[in-house]
Amino acid sequence: ESPLSHPFYFPGLSVSLAMGDYLSQTSWTFDGEQRNVEDVEDRLEMPYGKRLRLEKLNIPDLSSEIPRMPTYLTVLDLGGCGLTSLPESINRLVNLQRLRVESNDLPEFPRSMGELANLTRLCAYGNQLSWLPEQFQRLTRLKILRLGGNKFHRRNRHEGISVIKEMSALRELYLRENPELRDIPRGIAEKPGLQIYGID
């Protein structure tokens, strides 16, 4: 895909643009206000647009936006967007290395996230998460997982986080501020090379 020809829609913008049009545009209506090109440039981090920052925009449903995002994105910041779900189509962002979805209202992750083979960092602090899909064991490059401030618990023999013991590359796990998670399963606590931050 060419970074300068891929059609791309920015949630919060009033128009859909081709990436090539970006270079000649001087201002857009962005997040309800008129913004100059430098402001939007900060979010997209041009010229190649491999990082997209949409934090604190009100976009609770991404089902129509994800399919329009370029697959060469490596960093996607969706912190504080009011998200109540992530669409299964997020698996099309095959080059994604860092995903930030903290401070939303996500009750779960889509199983398709297990197909994000290049993901190295996932930040999901401050959601409504209580379990991880077993497909997460396919995230063989994931090194940092931040799950603090959620609703993981100790019921059902820790099934909610049991998949973590199968995540081969994981080096940092953050579990603070999960009030009902009072201890960590042995298979996770004794995982070689894993540094765990929690339990409170």
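Biologist: Is I199 buried, partly exposed or exposed?
Modeller: This is a predicted model, so keep that in mind throughout. I199 is partly exposed, with a relative accessible area of 24%. The cut-off for buried is under 20%.

Biologist: Where is I199 found?
Modeller: I199 lies in the segment after β11.

Biologist: And what is I199 in contact with, leaving aside neighbours within four places in sequence?
Modeller: L175, L181, R182, D183 and I184. Take D183 from that list.

Biologist: Step back. How many helices and strands are there in the protein chain?
Modeller: There are 3 helices and 11 strands. Starting at the N terminus, the order is β-β-α-β-β-α-β-β-β-β-β-β-α-β.

Biologist: What percentage of the residues is buried?
Modeller: Buried residues are 47% of the 200 in the chain. The exposed surface comes to about 9900 Å². Carbon and sulfur atoms supply 42% of that surface.

Biologist: What about contacts between residues 24 or more positions apart?
Modeller: They account for 40% of the contacts with a separation of 6 or more.

Biologist: What is the mean pLDDT of the chain?
Modeller: The mean pLDDT is 78. A pLDDT of 70 or more is reached by 72% of the residues.

Biologist: Where does pLDDT stay under 50?
Modeller: One stretch is residues 1–42, where the model has 83 contacts beyond four places in sequence. Residues 44–48 also stay under 50, and there the model has 17 such contacts.

Biologist: Now the core. How many residues are in the largest nonpolar core?
Modeller: That core has 45 residues. L78, F109 and L147 have the most contacts inside it.

Biologist: Pick L78. What does L78 touch, not counting residues up to four places away?
Modeller: Its partners include L54, I59, L62, L83, L86, L99 and V101. R100, E102 and N104 are also on the list.

Biologist: Switching to rings. How many aromatic pairs are in the whole structure?
Modeller: A search finds 2. One of them joins Y174 and Y197. The pair is stacked, at 4.5 Å centre to centre and 10 degrees between the planes.

Biologist: Which parts of the chain does that pair link?
Modeller: Distant parts: Y174 is in strand β10, residues 172–174, and Y197 is in strand β11, residues 195–197. The two tyrosines are 23 residues apart.

Biologist: Why does Y174 count as buried?
Modeller: Because its relative accessibility is 16%, and buried means under 20%. Y197 is at 26%, so Y197 counts as partly exposed.

Biologist: What sits over the ring of Y174?
Modeller: The charged end of R146 does, 4.1 Å from the ring centre.

Biologist: On to the loops. Where is G126?
Modeller: G126 is in the loop between β8 (121–123) and β9 (144–146). Leaving aside neighbours within four places, its contacts are S103, N104, G148, G149 and N150. The C-alpha atoms of G126 and S103 are 4.6 Å apart, although 23 residues separate the two along the chain.

Biologist: And S112, buried or exposed?
Modeller: S112 is buried, at 5% relative accessibility. S112 sits in the loop between β7 (98–100) and β8. Beyond four places in sequence, S112 is in contact with P87, E88, I90 and N91.

Biologist: Which residue has a positive phi of about 70 degrees although it is not a glycine?
Modeller: K56 does. K56 is in the loop between β5 (51–53) and β6 (75–77). At 69% relative accessibility, K56 counts as exposed, because the cut-off for exposed is over 50%.

Biologist: And which has a positive phi of about 65 degrees?
Modeller: E177, which is not a glycine either. E177 is found in the loop between β10 and α3 (186–189). Its relative accessibility is 43%, so E177 counts as partly exposed.

Biologist: Thanks, that covers my list.

Conventions: Residues are numbered from 1 along each chain as its sequence is written. This is a predicted model: local features need pLDDT of at least 70, side-chain atom pairs count only at pLDDT 80 or more; totals for chains, interfaces and linings use all residues. Side-chain values use heavy atoms; hydrogens and water are left out. Helices (H or I, at least four residues) and strands (E, at least two) are DSSP runs, numbered from the N terminus. Buried means under 20% relative accessible area, exposed over 50%, partly exposed in between (1.4 Å probe, protein chains only). Contact means heavy atoms within 4.5 Å. Accessible areas come from the Shrake-Rupley method with a 1.4 Å probe; for residues, only the protein chains shown count as cover. pLDDT is the predictor's confidence in each residue, from 0 to 100. A nonpolar core is a set of buried Ala, Val, Leu, Ile, Met, Phe, Trp, Tyr and Cys residues joined through side-chain atoms within 4.5 Å. Rings of Phe, Tyr and Trp (its six-membered ring) pair if their centres lie within 6.5 Å; planes under 30 degrees apart count as stacked, over 60 as edge-to-face and the rest as tilted. A charge sits over a ring if NZ of Lys or CZ of Arg is within 6 Å of the ring centre and within 35 degrees of the ring normal.
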